[in-house]
Amino acid sequence: MVLTNLVLFISAAVVQAAISSAYGCGAQHNGTLNWTEALAMAEAFTVKLTLEEKIQMVTGNSSANSCIGNIAPVPRLGFGGICLVDGPSAINRADGVSVFPSGITSAATWDKKLIYRRGFALGVESKGYGAHVLLGPSTNPMGRHALGGRNWEGFGPDPYLAGLAMESSIHGMQDAGVQSCSKHYIANEQETQRSNDPDPFGNPVLGISSNVDDRTLHELYLWPFANAVRAGTTSIMCSYNRVNQTYACENEYLMKDVLRDELGFKGYVVSDWFATHSTAESINAGLDVEMPGPVLSRPESPSFFGKKIDAAMKEGLISEDRLDEMVRNVMAPYYYLGQDTPDYPTVDPAGRFGMVATEIGIPQAMAAGMLPKDVVFPRGRNNRRNHAKLIREMGSAGTVLLKNVNNTLPIKAPKVIGVFGNDAADPTQGFYRRTSQPSDVNTGTMVIGGGSGTARLPYVIAPLEAIKARARETDAEVLYITDNKALAANYFHGVYPPPEICFVFQQTFASESFDRTDFELDGNSTQVIKNVANFCANTVVITHSGGVNTMPWADHPKIGAILAAHYPGQETGNSIVDLLWGDVAPSGRLPYTIPREAKDAGPPIVNLTYPLPSPDAYQADFVEGQLLDYRHYDALEIDPLYEFGFGLTYTTFAIDEVVSAAHVGNSSLSARPDARKETSPGGNPDLWEEVVVVSAKISNTGDRAAHAVPQLYLSFPASAPEGTPVKVLRGFEKILLEADAETAVEFSLMRRDVSYWDTGLRDWVIPKGEFTFRVGFSSMDLPAETTFAVLK
């Protein structure tokens, strides 16, 4: 979400007094992480509230400016309020916080433990800030459209990989004591007309409707949310868009039938900011909290909760029992994570100033009288600890080596190094990326995207800075040009002698609020890269991007290596230098497919020409079903440039062609889970029971240690319904192997992994016949396979 035109400023003294009063008599922390006890505490709290206070508890309060979302305090009951802050890669708008690698960078690590560590560190910093809820992780959009503006925030288009990344992130965040908010529920796949924005003539236009069948919903877009619910996510954010013609935040089927009844979700559903479109309809459909509540500067986006709840209750449209349920849903996670303890940090008062600086600008706020003339600007709390080390490690681990001809990398102690491109140097417009597309192509290195998922950098180690520092260790000379316009004009007059090795850094900016329009990197990049490659003896291309880019220059004979570094966070330069010099062997693998041509990449963004024939003209028909990314390439037999799961390193791996599959425990499986079992978080507990194990053996056939990422794909039997993908990812591990070493690897598959969603039965079903299990190192490199009948 993006909240603009923030105009209210509350004095530090007033806010701090209110916070201290509210927290001074807080209830005791239950200390058990027991949901039943937390729910009882929430019930005891709810019965003490007046009707007005109950309504306040489910309506955002936008006047407390240190947080992007707030639930107001109830001081008489010792409740200090709930602070929600933007993620999912940092605390947006705050001063002094770390900027972590993005979601797509995390997915490219294929490392569940590292993703957990990122989630835990994010939780530590959020709690230190005084936040109770970090708005993340994100899994929708998944990347139905390769040019989706927010694809970089999530974990990519494969539901299995995204689901495990969601699970690891949530465990990390909540182990640190901060609530997660899994978003955006659901099928929120483009920014263009994502909500009810008027057309250029002021006419009302409804948000786009994602029209998706129930099987696709369950097996693709809902799959990662099931992992999130199973992991105990405390809240779910419903999205801006409509789903099958009904806005997600008032869609009873999605919020009640699926989320509550089928998945067993126990927390609360919160709207995306200004994504509520009704009062009784939304509440009775399952929406628990409206955000941000009334905002005086946004009269065009009125609150549908607050006083409107009171009016609807008087008309008999909303029951007080439902309102009580909403409050309990909000408070149970608060008690569950011990956020009621008196020593839980208060909200960083410097956050208000960061909010003003970001959303308005300090000069503009001063001119408008929003800040007193004698204001003292405090620094934010430093809760970064040693997170720079983690960010550096993850930045390297999320970088994918796509090409490495004749062992161009790691470099061999050159004496003259060239560094080129608009992405190599420090940011030119400060340490905060705005939502809008930069007006100049030369804005410095790109470490994170824009919109609510961005953040204010505490510092940045730019690639040029890190390369200079490393070159000084061997007295190597570094020559550079960071102006793309000069490079596109083939201007190398200031570079002599021609470097032995050249690094060219290029970027793509992606952001909330708009979708990308071009598959190529920004800033006339193709011409820049070709000119550098023609000038230099050997060239390495490094991209910082939010996702899929075409690479028409990839086969250039003088381009020896290509690295896709995504959005790596504040340690970007150190992360890439560790790889270029060989201190770290590349271990990233693509969490998406790179096409040879833009036309190969799947469904385009829905973008209509005005005037529209009707207000509901924006319709996205998901006719491709589950065939996203590599599933799309498989089905249409398209040869990509670099496939899903692909990535090179500084050694080679092999896999034994003999693999085995066996049942786990009882081999007499039923086709469907036992309906008599009580639903638990994540759905029927049978779905999460291991039923098959696939075993393989891999070896390091090179001369140095590196991480292998063996991957398991399965093909369903012929008895599976029409629309089943050719193959789907159902297992992966990340294993450090020394040179000449070998190891066995096992992939455990749960019932859900070998089932499809039967829309008639409304249940998961294991099909009859033989499955094909393939093991290898990418979606197209699967040398080992076996067949196995899961049902006897």
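In which sense do strand E14 and strand E15 pair, and over how many bridges? I opened the notebook with that. The model is predicted, and I read it as such. E14 covers residues 539-544 and E15 covers residues 559-564. The two strands pair in the parallel sense, over five bridges. I then looked for a residue pair across them. Val 541 stands opposite Ile 562 in E15.

**Helices on this sheet**

I checked what packs here. Helix H18, residues 525-535, packs on the sheet. I listed its strand contacts: E11 (416-420), E13 (501-507), E14 and E15. The direction of H18 makes about 180 degrees with that of E13. Helix H19, residues 572-580, also packs on the sheet. H19 touches E13, E14 and E15. Its direction makes about 145 degrees with that of E14.

Next I traced the strand order. The sheet is open, has six strands and runs E10-E15-E14-E13-E11-E12. Its pairing is mixed. Which strands sit at the edges? They are E10 (400-404) and E12 (477-481), and each pairs on one side only.

**Around strand E4**

I moved to E4, residues 179-185. Is this strand mostly covered or mostly open? It is mostly covered: seven of its seven residues are buried. By the cut-off I used, each has under 20% relative accessible area.

I then followed the partners of E4. Strand E3, residues 133-135, is joined to E4 by two bridges, and the two run parallel. Val 133 stands opposite Gln 179 in E4.

Strand E6, residues 235-238, is another partner of E4. E4 and E6 pair in the parallel sense over three bridges. For Cys 181 I noted the bridge partner Ser 235 in E6.

**Cavities**

Rolling a probe the size of a water molecule over the atoms shows where empty space is left. How many cavities of 30 Å³ or more are there? The count comes to eight. The largest cavity has a volume of about 200 Å³. I went through its lining, which holds 23 residues. Nearest its centre lie Gly 143, Ala 146, Pro 157, Val 548 and Asp 629.

Conventions
Residues are numbered from 1 along each chain as its sequence is written. This is a predicted model: local features need pLDDT of at least 70, side-chain atom pairs count only at pLDDT 80 or more; totals for chains, interfaces and linings use all residues. Side-chain values use heavy atoms; hydrogens and water are left out. Two strands pair if DSSP finds at least two bridges between them. Helices (H or I, at least four residues) and strands (E, at least two) are DSSP runs, numbered from the N terminus. Contact means heavy atoms within 4.5 Å. Axes are lines fitted to C-alpha atoms, for helices over the stretch in contact, and angles run from 0 to 180 degrees between N-to-C directions. Buried means under 20% relative accessible area, exposed over 50%, partly exposed in between (1.4 Å probe, protein chains only). On a 1 Å grid over the protein atoms alone, a cavity is a set of points where a 1.4 Å probe fits but cannot get out, and a pocket is an open set with protein on both sides within 12 Å along at least five of seven lines; lining residues have an atom within 4 Å of a point. Grid points are joined across faces, edges and corners, and a volume is the space filled by probe spheres set on the points.
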